[in-house]
Amino acid sequence: MDFSWLSDPFYQAYLWEGFVNTLWLLLVSAVGGLLLAVAVALARLRGPRPLAWLAWAFTTVIRGTPLLVQLFFFYYGVGRLLEGVPGIRDSVFWPLLRDPFFFGALTFILSVGAYAGEVIRGAMQSVPRGELEAGRAFGLSGFQVLYRLWLPRAIQLCLPTLTGEMILLLKSVPLVSTIALMDLLQAANIIRDETFLVYEPLLLIAGIYLATTIVLTLLLRLVELNFPGMRPTRRRWLPLR
Amino acid sequence: MTAMTPEGLGDWAGPILAGAMTTLQIAVLAYAIGLLLGLLGAGAKLSPWAPLRALATAYSTLIRAVPELLLIILLYYAGAQALDALLARLGIGGAVQITGFATAVGVLAFVQGAYMTEVFRGAILAIPHGQLEAADAYGFSRWTRFHRIVLPGMLPNALPGMSNLWLILIKDTALISVIGFYELFFTIQQAAASSRAYFLFYAAAGVIYLLMTLTSTALFARLERHVRRGQPTEA
């Protein structure tokens with residue numbers, strides 16, 4: 001085992017950039033994805049027929065195909081098609097549309113939207129009807145019932161599953177190394193190519209991922225314990241999809 | 001060469017179909033080995049012997065805390081190296097194709113086994129204790145108790161988790177393409193690059209994987225009805 005390359009400032013910079021990008025992608029995808037998930041759940045439960053059907057189809061397709069295929073589809077497939085759109089190279093969006101980070105985040109947001117959307121839909125269906133009717137009886141508007149009663153109660157019911165989805169999201173991030181985005185795995189791959197070391201860089205980032213997973217699990221546990229009305233429950237510390 | 005006609009889906013149908021078959025072979029073999037590893041892991045986790053429990057816990061915890069893609073790359077190189085050394089010692093070196101396939105299966109099975117361990121552990125723990133005691137009272141041997149009571153008793157509890165893991169496995173086979181082994185998605189990538197019809201081929205890949213997962217979901221639903229026969233239906 002040769003870890004002498006760790007003292008090289010260039011490699012340190014790569015690894016740091018990879019780590020920051022990984023966390024940044026995680027944050028953007030988690031926030032965007034959860035917002036989309038609520039929209040998907042609402043569309044399936046209360047949307048007009050075509051919208052509900054669309055949300056169902058979206059969920060089925062995203063959950064039924066590999067994330068890697070989706071990533072390639074958006075980055076290479078949709079990305080190439082967009083290149084052909086006349087005038088797009090002069091538009092303000094062009095730098096964004098060439099950025100692998102944009103496509104990585106887009107793919108992950110859609111993925112979280114589909115997986116977490118199903119979780120939130122199930123939880124929203126489990127909230128007793130009487131509670132929502134009570135809200136209406138107290139004179140809350142439909143929107144107020146949604147964001148003061150229905151959503152908070154649903155999130156209480158599915159919070160452990162949702163935090164599990166976030167761990168799964170973290171573990172999906174290395175996929176973006178295949179579209180040349182500088183994440184931890186991409187940093188390790190560069191170091192491997194330059195130092196001809198097969199295992200050491202991979203083992204190092206495996207360790208970093210292990211530590212990040214543990215820290216994130218503990219942080220999310222804190223969120224769960226402090227969520228209003230949550231009773232602490234014993235559960236396994238790593239989720240299954 | 002003048003004006004080449006662009007390659008379409010038709011030109012690549014054969015290789016893509018072959019790739020899909022390879023993917024299915026990898027998935028089925030990895031699943032079978034993963035089931036076995038999962039049973040062993042769950043058995044070890046529930047064993048009264050502490051070192052065995054620690055070993056199984058380390059296996060299932062470490063594997064589940066590290067991203068699959070990273071594990072697959074890491075284990076692929078380690079596994080290929082080990083297998084090459086083994087084949088060279090046996091005097092059948094250079095069988096790269098066998099090595100690639102076997103490592104792909106081995107790596108996916110090893111990862112799958114860690115997740116399966118947790119599924120089986122939970123399912124075994126959910127078997128009512130009285131049933132095991134009844135088996136003991138009737139003088140069942142350990143093996144008879146295992147395959148007449150524990151296995152059929154845990155199956156209904158384990159099946160939803162097993163079905164989930166099969167779907168994850170099908171999708172994880174696409175990760176093998178990163179290593180450069182010929183399976184469905186690697187073939188698709190080559191088709192897309194050579195025809196430059198990226199949108200078309202990646203959409204086609206999505207449709208093929210979707211067909212596989214939807215069919216699997218339907219089959220697992222039937223299987224679950226079968227193992228739950230004789231159980232009281234919930235009102």
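In this predicted model, chain B meets chain A through 32 of its residues, which are in contact with 30 residues of chain A. On the side of chain B that touches chain A, at least two residues each come from helices α2 (50-65), α3, α4 (96-125), α6 (142-172), α8 (184-195) and α9 of chain B. Helix α9(B) gives the most to this side, with 10 residues. By residue class, the side of chain B that touches chain A divides into 23 nonpolar, 5 polar and 4 charged residues.

The predictor gives the complex an ipTM of 0.84 and a pTM of 0.87. Chain B has an average pLDDT of 87, and 93% of the residues score at least 70. Within chain B, confidence is highest in helix α9 (residues 198-227), at a mean of 92, and lowest in helix α3 (residues 68-89), at 83. Helix α9 of chain B, where confidence is highest, also gives the most residues to the side that touches chain A.

The UniProt record, an unreviewed entry, places the feature "transmembrane region" at residues 12-42, 54-78, 90-111, 164-185 and 197-221 of chain B.

| Span of chain B | End C-alpha distance | Helix | Strand |
|---|---|---|---|
| Residues 164-185 | 21 Å | 68% helix | 0% strand |
| Residues 197-221 | 37 Å | 96% helix | 0% strand |

In residues 197-221 of chain B, then, helix makes up 96% of the span, while in residues 164-185 of chain B helix makes up 68%.

Key. Residues numbered from 1 in each chain as written. Chains lettered and ligands numbered in written order. Predicted model: local features only at pLDDT ≥ 70, side-chain atom pairs only at ≥ 80, totals over all residues. pLDDT = per-residue confidence, 0-100. Helix = DSSP H or I, 4+ residues; strand = E, 2+ residues; numbered from the N terminus. UniProt positions renumbered as here; feature names shortened; annotations may be inferred. Contact = placed C-beta atoms within 7 Å. Nonpolar A, V, L, I, M, F, W, Y, C, P; charged D, E, K, R; others polar.
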